[in-house]
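Reader: I am new to this structure and would like to look at it with you. Could you walk me through it, and tell me what stands behind each term?

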Amino acid sequence: MLWTSRADRAGPKACTSRVNFDRAATQSRFDQLVEGLSHEFDCPLAGGRGPQEDAARFGIIRIRDERSGDGLPLAVVVSNFGDLTACLSYRTAPGYGRTPPVDQDDYRRVERVSAELQLRLVPEHILDGLYQGPNQWVFGPSAVTWFRRFFDYL
């Protein structure tokens, strides 16, 4: 995989995807992930069109709370960088503090569908770790996690 900085490539999107990013192929794989997760969680899921504006992620697939093992909604996020996905629980109301880890059965279901599509599901403890790779200058002096660099808004 070839990485680049904004200085290496013209345009405002330089830090939101890899150099050889294939939008059509990523959209196809994203649609397949939506279909596979819809089957796995036995409910229709929406995906949308990517990539998302000013973000390192291609898109998010939301799984309703009544379909998850722990009663929290899930977000499955596809990155614009390589074949990376993330699965996180999230809260829809503010003020609840840190969201608990994803239910292990749910995680395995997302991991299984991701693997069938040759996507790599990045473990939560990695997503929370400090990112110290190329393009750190984009974020300024603040500490940046792997989640923010590869799955969040920039």
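Reader: Which residues of H1 are buried?

Author: The buried residues of H1 are Thr26, Gln27, Phe30, Leu33, Val34, Leu37 and Ser38. Buried means under 20% relative accessible area, exposed over 50% and partly exposed in between, with a 1.4 Å probe and protein chains only. They cover an arc of only 130° around the axis, which puts them on the same side of H1. The arc is taken from the directions that run from the helix axis to the C-beta atoms. On the other side of H1, Ala24, Glu35 and His39 are exposed.

This is a predicted model, in which local features need pLDDT of at least 70 and side-chain atom pairs count only at pLDDT 80 or more, while totals for chains, interfaces and linings use all residues. Residues are numbered from 1 along each chain as its sequence is written, and side-chain values use heavy atoms, with hydrogens and water left out.

Reader: Why is serine 38 called buried?

Author: Serine 38 has a relative accessible area of 16%, and the cut-off for buried is under 20%, so serine 38 counts as buried. Its side chain reaches the backbone oxygen of valine 34 at 2.8 Å. A polar contact is a pair of N or O atoms within 3.5 Å; within protein, one must be able to donate a hydrogen and the other to accept it, and residues adjacent in sequence count only if both atoms are side-chain atoms. Leaving aside residues up to four places away in sequence, serine 38 touches Cys43, Pro44 and Leu45; contact means heavy atoms within 4.5 Å.

Reader: What do the buried residues of H2 pack against?

Author: They are Asp106, Tyr107, Val110, Val113 and Ser114. They cover an arc of only 135° around the axis, which puts them on the same side of H2. Their partners are helix H1 (23-40), strand E2 (74-79), strand E3 (84-89) and strand E4 (120-121).

Reader: What makes a set of residues a nonpolar core?

Author: The members are buried Ala, Val, Leu, Ile, Met, Phe, Trp, Tyr and Cys residues joined through side-chain atoms within 4.5 Å. The largest one here has 22 residues, and Leu33, Leu37, Phe41, Leu45, Ile61, Val76 and Val110 touch the most other members. The elements that give two or more residues to this core are H1, E1, E2 and H2. H1 gives the most, with four residues. A second, separate core of 15 residues includes Ala56, Ala75, Val122 and Val144.

Reader: What is the mean pLDDT of the chain?

Author: pLDDT is the predictor's confidence in each residue, from 0 to 100. The chain has a mean pLDDT of 82, and 78% of its residues reach 70 or more. Among the elements, H2 has the highest mean (97) and helix H4 (residues 146-151) the lowest (88). Over residues 1-13 the pLDDT is below 50. Where pLDDT is low, the predicted coordinates should not be read in detail.
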